[in-house]
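My notes follow in the order in which I checked things.

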Amino acid sequence: MPVKGGVNAFLPERTGRFLMAIPLRLDEQKFSTGGSAMGLAIRQLHPLFVGELRGANLDSNVDATTRDTIERAMDQYAVCVLPEQNLDDERQVAFSRLYGPLENASAVAHQRKAGVIGERIKLPEIFDVSNLDETGKILPEDDARWQYRQANELWHTDSSFRQKSAAWSMLHARIVPPSGGDTYFTDTRAAYDALPDAMKKKIENLKAEHSIWYSRGQRGGYVPTEQERAARPPAQHPLVRRHPGSGRKALFIASHASHIIGWPADESRTLLDELMAFAIQPQFVYGHKWRAGDLVIWDNRCTMHRASEFESNDHKREMRRTTVIDVQYTKASAA
Ligand code: OGA
Ligand code: MN
């Protein structure tokens with residue numbers, strides 16, 4: 001199924017077929033929390049993945065049972081929605097740290113201006129996923145910071161452009177616009193399972209190069225300085241990796257994936273486009289409509305995600321992200 005239109009085929013369209021939200025499945029399941037006072041109720045939001053977990057209060061100290069229950073749910077569902085979480089930055093960071101060391105958000109040029117660093121966000125572990133400036137005002141459309149952040153509208157997986165790639169991301173909704181701004185997720189384990197055997201064989205031992213400047217280049221908006229380019233060199237990862245939590249194989253592709261190592265550019269592009277198109281078919285995709293207070297956790301090793309448009313000149317959308325480093329993989333890939 002070769003795809004015409006190159007990378008632009010993956011730019012979101014308002015009415016694109018893969019924007020369709022899949023209806024909720026209402027069968028509920030109770031997770032046993034092994035004697036903890038806190039009962040966690042979980043229901044699956046998509047036939048293939050995504051769990052909604054209620055009953056955990058992440059604002060107070062999270063006990064070991066709750067921590068482990070969330071981990072088991074993540075292993076299975078890959079995306080977990082925890083509604084009504086009243087988190088501030090300190091609590092979000094403290095909760096996220098229960099699962100491993102966190103990435104620091106690297107400031108790009110223009111992102112933070114001298115003298116006002118940290119005015120709105122003080123902790124380096126918090127990624128600013130918003131259309132706001134340091135003082136909380138809406139960024140103008142042509143602002144470099146907003147253009148940089150809008151690359152989130154491409155299907156991607158966080159930090160695949162780092163050799164120390166990410167395990168989980170946790171995104172907390174502080175302010176949501178009245179409409180739009182949904183986030184879409186796709187399960188790349190399910191996509192891998194559904195690939196024809198010949199394709200599975202073809203990609204078995206391939207590696208791709210991932211670069212943040214490649215994905216930023218696709219949007220055309222943000223041009224890095226030489227210093228930024230040097231500070232964030234590309235990374236290389238296998239196209240297929242085993243997801244440790246579920247033991248299942250997953251496709252590891254993203255808008256950051258520029259080419260297959262050792263392949264001619266055009267063949268590389270065709271294969272990556274084909275795999276991307278396959279992985280974002282509607283049966284693999286869940287669209288999340290945010291409510292303020294939602295914490296959504298996703299596993300970057302077996303999902304891709306993308307933001308979608310909203311009326312960003314008129315409405316605020318403020319999300320804050322923490323990102324857990326995939327320590328296990330980092331060690332293994334350095335060996
Ligand atoms: C992110 C991201 C999507 C969104 O925080 O990593 O891609 O909808 N967010 O804001
Ligand atoms: Mn992201």
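Predicted model: local features only at pLDDT ≥ 70, side-chain atom pairs only at ≥ 80, totals over all residues.

Residues are numbered from 1 along each chain as its sequence is written, and chains are lettered from A and ligands numbered from 1 in the order in which they are written.

**Entry 1, the chain.** I counted nine helices and 16 strands in the protein chain, where helices (H or I, at least four residues) and strands (E, at least two) are DSSP runs numbered from the N terminus. Of its 335 residues, 39% count as buried.

**Entry 2, strand S14.** I looked up residues 295-299 and found that five of the five residues of S14 are buried. In a regular strand the side chains alternate between the two faces of the sheet. I therefore checked each face of S14 separately, by the burial cut-offs above: Leu295, Ile297 and Asp299 are buried on one side, and Val296 and Trp298 on the other.

I took two strands as paired if DSSP finds at least two bridges between them. Strand S4 (residues 79-82) runs antiparallel to S14 and is joined to it by four bridges, with valine 81 bridged to valine 296. Strand S6 (residues 166-175) also pairs with S14 in the antiparallel sense, over five bridges, and here histidine 172 has leucine 295 as its partner.

Which residues lie around ligand 1? I listed Val129, Asn152, Asp158, Ser169, Leu171, Thr183, His305, Ala307, Met319 and Arg321, counting a residue as near if its C-beta atom, placed from the backbone, lies within 6 Å of the molecule. S6, strand S15 (303-307) and strand S16 (318-325) each supply at least two residues of this shell.

I traced an open sheet with the order S13-S7-S15 and antiparallel pairing. Its edge strands are S13 (285-288) and S15, each pairing on one side only. Strand S7 (residues 183-187) and S13 pair over four bridges, and threonine 183 has histidine 288 as its bridge partner in S13.

Conventions:
Buried ≥ 20, exposed ≤ 12 C-beta atoms within 10 Å, placed from the backbone.
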